[in-house]
Amino acid sequence: MKRLGRGAVVVAWALGLGLSAASAETPALFAGSGSSEGSYADPLPATVAVSSYAPPACAGKPCPLLIAIHGMGRNAKGARDAWKAAADQAGFLVLAPRFDKEQFSSRRFQQGDVRGEPDKAKWTFGLIERLFDAARASGRVAGDSYTIFGHSAGAQFVHRMIMLMPEARIATAAVANAGYYTLPALTGERAYPYSLKGTPAADATLARALAKPMLVMLGDQDTDPNHHQLNKSRGAEEQGPTRFARGEHFMTAAMEEARRLGVTLRWREIVVPGVAHQQSGMAKAAAAELFGTR
């Protein structure tokens, strides 16, 4: 895949996101088939490495797109590779951006750089929308929406994006084994990133987010309270001692908020048997749910 220069992205003010990439001027993503490595220059500003995969079935026709968000190890290649077998079977494209530590602290990556920033155009979540625009400009992507999957730290990123930017063109999201959650609540003792308190979100935002299709995937063996990557902050510990317990707590809170707002909750909890904190196992289970692969 050709590398994209910083000046190659044309900025269009649209979609209420402040920044949206028009990409007719950029070299195309998915220039060939198979695995590729390249980069995407975003007007955030940031330039991120991008790992991609185009299966043989998508060589001669546009295909749906899945965007895979890596975990704390920031291994975009691994996030992409976890989906290659499913992409071969079901016929979809894969993009995996890399949020490197130098440009994206935990606050900018997992939390989307939302705290103290009322301007959505400056949130990291918008980068995904603009990357989607660049992918569509290749002519290889079918449809006007995408599927997104995040594991661990990537699951933190994705579920926060759903709740704070429900207008994003995400058809379905899947979040797997998040270390802790932003609870779908606008008030309470804990502010963002433990709840939506302190963000621009309002009841209308939350209602729209709860109606957005999302799979909350929990490995039934992801139950180690002393896992070396598990967030041990007080706000996280209040959600439960393990990732599994925190996921169940999150879904209980979502059901309560959906009842309060009178909306149908389209988030679905899926327990994955025999899997601990393992991206490959969770991606395989997500692929079965999202694309019917086995």
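A: Phenylalanine 30 is buried, at a relative accessible area of 4%. Buried means under 20% relative accessible area, exposed means over 50%, and partly exposed lies in between, with a 1.4 Å probe and protein chains only. This is a predicted model, in which local features need pLDDT of at least 70 and side-chain atom pairs count only at pLDDT 80 or more, while totals for chains, interfaces and linings use all residues. Residues are numbered from 1 along each chain as its sequence is written, and side-chain values use heavy atoms, with hydrogens and water left out.

Q: What average pLDDT does the protein chain have?
A: pLDDT is the predictor's confidence in each residue, from 0 to 100. Here the protein chain averages 91, and 90% of the residues score at least 70. Over residues 1–27, pLDDT stays under 50. For that stretch the model has 68 contacts beyond four places in sequence, a contact being heavy atoms within 4.5 Å.

Q: How do I read backbone angles, and which phi value does phenylalanine 30 have?
A: Most residues other than glycine have a negative phi, and most peptide bonds are trans. Phenylalanine 30 has a positive phi, near 55°, and lies in the loop between strand 2 (20–22) and strand 3. Helices (H or I, at least four residues) and strands (E, at least two) are DSSP runs, numbered from the N terminus. Serine 152 also is not a glycine and has a positive phi, of about 60°. Serine 152 lies in the loop between strand 7 (146–151) and helix 4, and counts as buried at 8% relative accessibility.

Q: Where are the cis peptide bonds?
A: One joins leucine 44 and proline 45, with omega about 10°; proline 45 is in the loop between strand 3 (34–42) and strand 4 (46–54). Another joins tyrosine 192 and proline 193, with omega about 15°, and proline 193 lies in the loop between strand 8 and helix 5.

Q: What does the side chain of aspartate 42 reach?
A: A polar contact is a pair of N or O atoms within 3.5 Å; within protein, one must be able to donate a hydrogen and the other to accept it, and residues adjacent in sequence count only if both atoms are side-chain atoms. The aspartate 42 side chain reaches the backbone nitrogen of leucine 44 at 2.9 Å. A polar contact of 2.8 Å also joins the side chains of aspartate 42 and arginine 130. Aspartate 42 lies in strand 3 and is buried, at 2% relative accessibility.

Q: How is an aromatic pair described, and how many does the structure hold?
A: A pair of aromatic rings is described by the distance of the centres and the angle of the planes. Rings of Phe, Tyr and Trp (its six-membered ring) pair if their centres lie within 6.5 Å; planes under 30 degrees apart count as stacked, over 60 as edge-to-face and the rest as tilted. The structure holds 14 aromatic pairs. One of them, tyrosine 181 with phenylalanine 250, is stacked, at 4.5 Å centre to centre and 15° between the planes. Tyrosine 181 lies in the loop between strand 8 (170–176) and helix 5, and phenylalanine 250 in helix 7, so the pair ties together parts that are 69 residues apart in sequence. Both residues are buried.

Q: Which buried residues does helix 5 have?
A: In helix 5 (residues 203–210) they are Thr205, Leu206, Ala207, Ala209 and Leu210. These pack against helix 4 (153–164), helix 7 (243–261) and strand 10 (267–272).
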